[in-house]
Amino acid sequence: MSAAVYTITLMETGESYRCAGYRSVLEGMEALGKKGIPVGCRNGGCGVCKVQVIEGQYTRRVMSREHVSAAEELVGRALSCRIKPTSDLRISVLGQMKKNVCRLVEPVDDSPTSST
(Lines give C-alpha, C1' and ligand atoms only; values in the text may rest on other atoms or scores of the structure.)
Protein backbone atom coordinates (compact mmCIF):
# COMPACT_ATOMS: atom_id res chain seq x y z
CA MET A 1 0.00 0.00 0.00
CA SER A 2 1.50 3.35 -1.00
CA ALA A 3 1.27 6.58 0.97
CA ALA A 4 -1.31 9.16 -0.06
CA VAL A 5 0.05 11.99 -2.21
CA TYR A 6 -1.58 15.41 -2.49
CA THR A 7 -1.20 18.43 -4.76
CA ILE A 8 -0.07 21.67 -3.13
CA THR A 9 -0.78 24.79 -5.20
CA LEU A 10 0.91 28.14 -4.50
CA MET A 11 -1.56 30.93 -5.20
CA GLU A 12 1.12 33.56 -5.97
CA THR A 13 2.54 31.68 -8.94
CA GLY A 14 -0.10 29.08 -9.77
CA GLU A 15 2.63 26.45 -9.53
CA SER A 16 1.90 23.16 -7.83
CA TYR A 17 3.82 20.19 -6.54
CA ARG A 18 3.02 16.76 -5.16
CA CYS A 19 3.50 16.12 -1.44
CA ALA A 20 3.25 12.77 0.35
CA GLY A 21 0.96 12.86 3.39
CA TYR A 22 3.79 11.84 5.70
CA ARG A 23 5.84 14.95 4.80
CA SER A 24 5.30 18.52 5.88
CA VAL A 25 4.22 20.94 3.13
CA LEU A 26 7.70 22.50 3.30
CA GLU A 27 9.51 19.12 3.14
CA GLY A 28 7.45 18.16 0.10
CA MET A 29 8.46 21.33 -1.71
CA GLU A 30 12.13 20.89 -0.83
CA ALA A 31 12.18 17.19 -1.77
CA LEU A 32 11.20 18.10 -5.33
CA GLY A 33 13.66 20.98 -5.55
CA LYS A 34 10.80 23.46 -5.90
CA LYS A 35 10.80 27.08 -4.76
CA GLY A 36 8.07 29.36 -3.50
CA ILE A 37 7.88 29.03 0.27
CA PRO A 38 10.81 30.68 2.09
CA VAL A 39 12.91 28.12 3.98
CA GLY A 40 14.25 28.90 7.43
CA CYS A 41 14.94 26.66 10.41
CA ARG A 42 12.49 23.88 9.37
CA ASN A 43 11.41 23.39 13.02
CA GLY A 44 8.76 26.06 13.60
CA GLY A 45 11.10 28.41 15.39
CA CYS A 46 11.64 31.21 12.88
CA GLY A 47 8.26 31.84 11.23
CA VAL A 48 9.77 32.29 7.77
CA CYS A 49 7.62 29.59 6.12
CA LYS A 50 4.26 31.00 7.25
CA VAL A 51 1.36 30.32 4.89
CA GLN A 52 -2.38 30.89 4.65
CA VAL A 53 -4.26 27.70 3.75
CA ILE A 54 -6.95 28.88 1.33
CA GLU A 55 -8.46 25.48 0.69
CA GLY A 56 -7.90 21.92 1.86
CA GLN A 57 -7.34 19.87 4.98
CA TYR A 58 -4.17 19.21 6.96
CA THR A 59 -2.89 18.02 10.31
CA ARG A 60 -0.69 20.31 12.33
CA ARG A 61 2.00 20.00 14.92
CA VAL A 62 2.54 22.53 17.69
CA MET A 63 3.53 25.97 16.37
CA SER A 64 5.20 28.80 18.25
CA ARG A 65 2.65 31.41 19.34
CA GLU A 66 5.34 33.98 18.61
CA HIS A 67 4.78 33.26 14.91
CA VAL A 68 1.19 31.95 14.70
CA SER A 69 -1.39 33.18 17.21
CA ALA A 70 -4.37 31.04 18.22
CA ALA A 71 -6.63 33.42 16.25
CA GLU A 72 -4.44 33.07 13.13
CA GLU A 73 -4.43 29.29 13.47
CA LEU A 74 -8.25 29.28 13.52
CA VAL A 75 -8.38 31.06 10.15
CA GLY A 76 -5.91 28.70 8.46
CA ARG A 77 -2.57 30.39 9.03
CA ALA A 78 0.24 27.97 9.75
CA LEU A 79 3.95 27.30 9.43
CA SER A 80 4.43 25.06 6.40
CA CYS A 81 7.12 23.10 8.22
CA ARG A 82 4.54 22.11 10.86
CA ILE A 83 1.59 20.99 8.68
CA LYS A 84 1.03 17.78 6.70
CA PRO A 85 -1.61 17.61 3.97
CA THR A 86 -4.61 15.27 4.28
CA SER A 87 -6.11 16.58 1.01
CA ASP A 88 -4.99 18.78 -1.88
CA LEU A 89 -4.11 22.27 -0.59
CA ARG A 90 -4.20 25.76 -2.04
CA ILE A 91 -1.91 28.05 -0.06
CA SER A 92 -0.72 31.63 -0.08
CA VAL A 93 2.77 32.45 1.20
CA LEU A 94 2.85 34.97 4.08
CA GLY A 95 6.33 34.44 5.48
CA GLN A 96 9.39 36.24 4.27
CA MET A 97 13.02 36.44 5.10
CA LYS A 98 13.69 38.98 7.83
CA LYS A 99 17.23 39.78 6.62
CA ASN A 100 18.11 41.08 3.20
CA VAL A 101 20.92 38.99 1.81
CA CYS A 102 21.47 41.41 -1.04
CA ARG A 103 20.31 44.95 -1.23
CA LEU A 104 20.64 47.67 -3.77
CA VAL A 105 23.08 50.39 -2.91
CA GLU A 106 22.00 53.85 -4.00
CA PRO A 107 24.69 55.76 -5.90
CA VAL A 108 26.15 58.59 -3.89
CA ASP A 109 25.94 62.03 -5.43
CA ASP A 110 29.41 63.50 -4.88
CA SER A 111 28.75 66.73 -6.71
CA PRO A 112 29.28 69.81 -4.56
CA THR A 113 26.24 71.76 -3.62
CA SER A 114 26.39 75.46 -3.42
CA SER A 115 24.44 77.20 -0.73
CA THR A 116 24.43 80.87 -1.38
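Analyst: Leu10, Glu15, Ser16, Tyr17, Lys34 and Lys35 line the largest cavity. A cavity here is a set of points on a 1 Å grid over the protein atoms alone, where a 1.4 Å probe fits but cannot get out; lining residues have an atom within 4 Å of a point. This is a predicted model, where local features need pLDDT of at least 70 and side-chain atom pairs pLDDT 80 or more, while totals for chains, interfaces and linings use all residues. Numbering runs from 1 along each chain as its sequence is written, and side-chain values use heavy atoms, without hydrogens and water.

The largest holds about 30 Å³, a volume being the space filled by probe spheres set on the points, which are joined across faces, edges and corners.

Tyr17 also belongs to the largest nonpolar core, which has 20 residues. Such a core is a set of buried Ala, Val, Leu, Ile, Met, Phe, Trp, Tyr and Cys residues joined through side-chain atoms within 4.5 Å; buried means under 20% relative accessible area with a 1.4 Å probe, protein chains only. Tyr17 is among the members that touch the most others, as are Ile8, Val25 and Leu89.

Leu89 is in contact (heavy atoms within 4.5 Å) with residues including Ile8, Val25 and Val53, leaving aside neighbours within four places in sequence.

Terms used. On a 1 Å grid over the protein atoms alone, a cavity is a set of points where a 1.4 Å probe fits but cannot get out, and a pocket is an open set with protein on both sides within 12 Å along at least five of seven lines; lining residues have an atom within 4 Å of a point. Buried means under 20% relative accessible area, exposed over 50%, partly exposed in between (1.4 Å probe, protein chains only).
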